[in-house]
Amino acid sequence: MAPPLLLLLLLSLLPAAAAYLCCVRRHTGSAGAALRRREPGRAEARGRSPPRDPWAPRLCGSGLRLFVHVANTAFGQICLLPLLIRLNNFSLMRSLDIHEDPTFVPEVAAEVMEDKSEAKSTLDIIEQLIDARSDSASNGFSFKGIKDYLDCYRSGKLTPSQVAKNIIAMLEDCDKSTPPLRAIVQWDQEQIMLMAEASTARYRNKCTLSYLDGIPVCLKEEFKVVPYHHRVGTVYLGTEPETEDATVAKKLREAGAIIIGVSNMHELGTGTTGCNPNRYHKIPRNPYKPNHFTGGSSSGSAAAVAAGLCPVAIGTDGGGSVRIPASFCGVVGLKGTFGRISSHGSLPLSYSTVSVGPICTSVADAAIVYSILAEPDPVYPYGLKQPKATLSDMCAPDLKGLKLGVDWTFFKACDAEVLSICEKAVEHLQSLGASVVEVSLPEMEEVRVAHVICILSEMRDFLQPDFNKHFQEMNLDTRANLALASQFTALDYITANRQRTRSMRFLREIFTTVNCILTPAVPSTAPRIYESDLLTGSSNLSFTVRSMRFMQLANFTGIPGLVVPIGYSAAGLPISFQVMAKWWDEAVLLRIGLKLEQFRCQTKKPSIYYDILA
């Protein structure tokens with residue numbers, strides 16, 4: 001008799017408990033809640049511990065469908081997602097008491113420098129870079145870069161028109177291959193030939209426009225490029241062909257480049273794998289191992305360069321979206337200082353974290369593209385007062401005088417085979433005269449959480465009309481990420497931007513003692529593609545957050561970062577190294593990047609590679 005009475009008592013208490021929780025107990029805060037005060041300008045004094053690994057199951061197929069449905073219901077928003085937020089420490093900002101004013105955009109004024117004229121002009125340095133490439137490309141396989149195209153054009157061996165015909169044939173082939181490469185998702189034979197024929201005439205008349213004249217390039221679908229559809233990885237945007245170029249597309253045309261099309265991307269830039277199963281895009285394949293992801297969100301850009309379709313591609317980077325795919329595909333990726341290259345004409349998904357950057361076959365090629373694209377744009381509000389982009393000291397014979405900062409606890413937070421080769425790369429830089437200085441990167445857990453809050457909140461804000469109107473047309477993982485973004489509050493966002501002020505101040509102090517900061521590029525190599533990914537896509541929050549580990553600091557604070565391939569895993573997948581520098585000092589990144597390229601003794605040929613110049 002006792003159990004039924006007990007059950008009856010419990011049932012009678014439930015309405016009272018529910019009434020207390022819903023109508024009596026305070027929900028907006030607690031007098032007993034302890035906030036951890038942060039002293040302005042002083043980093044939290046705590047023991048150094050490695051970054052925590054996030055937790056979330058990898059979801060695909062029916063499991064992903066169920067999760068997305070539940071996550072967007074009242075139960076999901078009140079119970080399920082708050083649990084996920086707590087498990088991954090995304091609620092950290094709610095426990096902090098930060099008094100610094102928030103920095104909503106990481107735009108930094110240029111330092112006042114002494115007016116000392118460079119010993120060599122940028123054009124002289126580029127010529128030196130192009131000449132030097134012939135010395136390094138003599139043994140085994142090497143990617144065809146800008147120099148190789150210029151040599152063919154200048155010698156008359158090939159014309160841009162002949163190259164364009166080769167590219168068109170290769171684009172047709174890679175769409176029919178099994179599996180399809182899916183690097184370039186929109187291209188137009190007539191447009192390619194028009195640009196190529198104009199370039200051919202300029203070479204014939206010896207009046208070329210720049211070092212990019214006749215060079216094949218592609219741009220991420222996030223940019224407006226005439227006459228393509230500005231779909232940004234979706235099936236519902238860009239219903240009409242574009243009639244106006246983004247600034248970077250316009251500048252590439254003015255430089256004489258041949259735009260071969262727009263490249264694939266993770267839908268709306270919401271992931272780091274490149275997994276996009278919708279009907280217009282499909283999943284791009286990693287040229288080194290086609291059953292592995294390219295990385296994202298500039299997935300097609302990296303795949304196109306690694307597969308030889310073009311030596312230059314342009315991407316955007318809000319959480320490693322240039323650097324992660326460049327790393328996974330074994331090519332070079334540069335994220336410039338925030339505002340250095342105009343984002344005008346790209347979809348403004350996250351206004352405070354995104355920078356534009358090139359993905360190239362080599363550091364020299366990245367330097368050439370950077371020197372052409374990096375300048376103020378009157379129609380873009382950031383970077384208007386940036387210093388002139390230079391390549392000063394890039395061709396110095398060694399690294400003497402440079403101080404390289406390493407936070408070894410943070411540096412070692414990666415897979416063993418990644419760590420092993422990255423430690424050897426540090427030793428290589430030391431052997432060239434650089435000194436390695438141990439530094440402490442403070443409050444990196446706060447940076448991790450604050451960056452996620454900023455980028456997801458800004459995306460959720462910008463995509464609010466789409467989330468309402470085109471919810472069913474979005475990929476499942478996009479819906480999951482935007483549902484998670486709905487959990488963040490105005491308090492979270494403002495506190496995250498207060499943390500940005502602190503983190504930028506800490507970096508200013510660090511860069512008074514070192515020239516740059518070294519890390520691995522990504523903690524692991526490219527993940528495998530599963531059959532279910534091809535149909536429904538996948539959601540892997542744990543991998544997404546982990547893959548951004550070494551990327552977030554640069555996006556959050558606006559400093560530039562460069563990734564350079566330095567070797568391969570036992571499975572033959574590329575491993576890359578990252579260098580970050582203070583605001584506007586891309587030149588030192590490129591200088592160190594050139595020396596990092598010397599560390600890799602051999603470049604392996606990708607499984608999928610098209611030799612356009614053959």
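Visitor: Is valine 232 buried or exposed?

Guide: In this predicted model, valine 232 is buried, because its relative accessible area is 0%, which falls under the 20% limit for a buried residue. Its position is in the loop between E5 and H8, and although valine 232 is not a glycine, it has a positive phi of about 55°.

Visitor: Which other residue has a phi near 55°?

Guide: Glutamate 443 has a positive phi near 55°, and this residue too is not a glycine. Glutamate 443 sits in the loop between strand E11 (435-438) and helix H14 (444-462), and it counts as buried because its relative accessibility is 4%.

Visitor: Back to the loop between E5 and H8, where is proline 227 and what kind of peptide bond joins it to valine 226?

Guide: Proline 227 is found in that loop, which runs between strand E5 (216-220) and helix H8 (247-254). The bond joining valine 226 and proline 227 is cis, with omega at about 5°. There is also a cis peptide bond from threonine 178 to proline 179, where omega is near -5°, and proline 179 belongs to the loop between helix H6 (160-176) and strand E4 (184-186).

Visitor: And glutamate 222, which residues does it touch?

Guide: Leaving aside residues up to four places away in sequence, glutamate 222 touches His230, Val232, Met265, Thr316, Gly345, Ser346, Leu347 and Leu349. Glutamate 222 is itself placed in the loop between E5 and H8, and it counts as buried because its relative accessibility is 3%.

Visitor: Let's switch to helices. How many residues of H11 are buried?

Guide: Nine of the eleven residues in helix H11 (residues 363-373) are buried, so the helix is mostly covered. The buried ones are Val363, Ala364, Asp365, Ala366, Ala367, Ile368, Val369, Tyr370 and Leu373.

Visitor: Take alanine 366 from that list; what does it touch?

Guide: Alanine 366 touches Val332, Pro358 and Cys360, if residues up to four places away in sequence are not counted. It lies in helix H11 and counts as buried because its relative accessibility is 0%. The C-alpha atoms of alanine 366 and glycine 271 are separated by 24 Å, and these two residues are 95 residues apart along the chain.

Visitor: How do H13 and H21 pack?

Guide: Helix H13 (residues 416-431) and helix H21 (residues 586-599) pack at an angle of about 120°, and their axes are 10 Å apart. The two helices are therefore oblique to each other, and their crossing is right-handed. On the H13 side the contact is made by Ile421, Lys424, Ala425, His428 and Leu429, while H21 contributes Ile592, Lys595, Leu596, Gln598 and Phe599. Sorted by class, the contact of H13 with H21 has six nonpolar, two polar and two charged residues.

Visitor: And what is the crossing of H2 with H16 like?

Guide: H2 passes H16 in a left-handed crossing. The axes of helix H2 (residues 61-71) and helix H16 (residues 476-485) come within 9 Å and cross at roughly 35°. Leu64, Arg65, Phe67, Val68 and Ala71 of H2 meet Leu476, Arg479, Ala480 and Ala483 of H16. By class, this contact of H2 with H16 has seven nonpolar, no polar and two charged residues.

Visitor: Last topic, then: how many disulfides are there?

Guide: The count comes to zero disulfides, where the cut-off is a pair of cysteine sulfur atoms within 2.5 Å.

Visitor: What about cysteine 601, buried or exposed?

Guide: Cysteine 601 counts as exposed, because its relative accessibility is 81%. The closest cysteine sulfur to that of cysteine 601 is in cysteine 422, and the separation of 15 Å is too far for a bond.

Terms used:
Residues numbered from 1 in each chain as written. Predicted model: local features only at pLDDT ≥ 70, side-chain atom pairs only at ≥ 80, totals over all residues. Heavy atoms only, no water. Buried < 20%, exposed > 50% of the residue type's maximum accessible area, 1.4 Å probe, protein only. Axes fitted to C-alpha atoms, helices over the stretch in contact; angles between N-to-C directions. Helix = DSSP H or I, 4+ residues; strand = E, 2+ residues; numbered from the N terminus. Left-handed = near helix turned anticlockwise from the far one by under 90°. Contact = heavy atoms within 4.5 Å. Nonpolar A, V, L, I, M, F, W, Y, C, P; charged D, E, K, R; others polar. Parallel < 35°, antiparallel > 145°, perpendicular 65-115°, else oblique.
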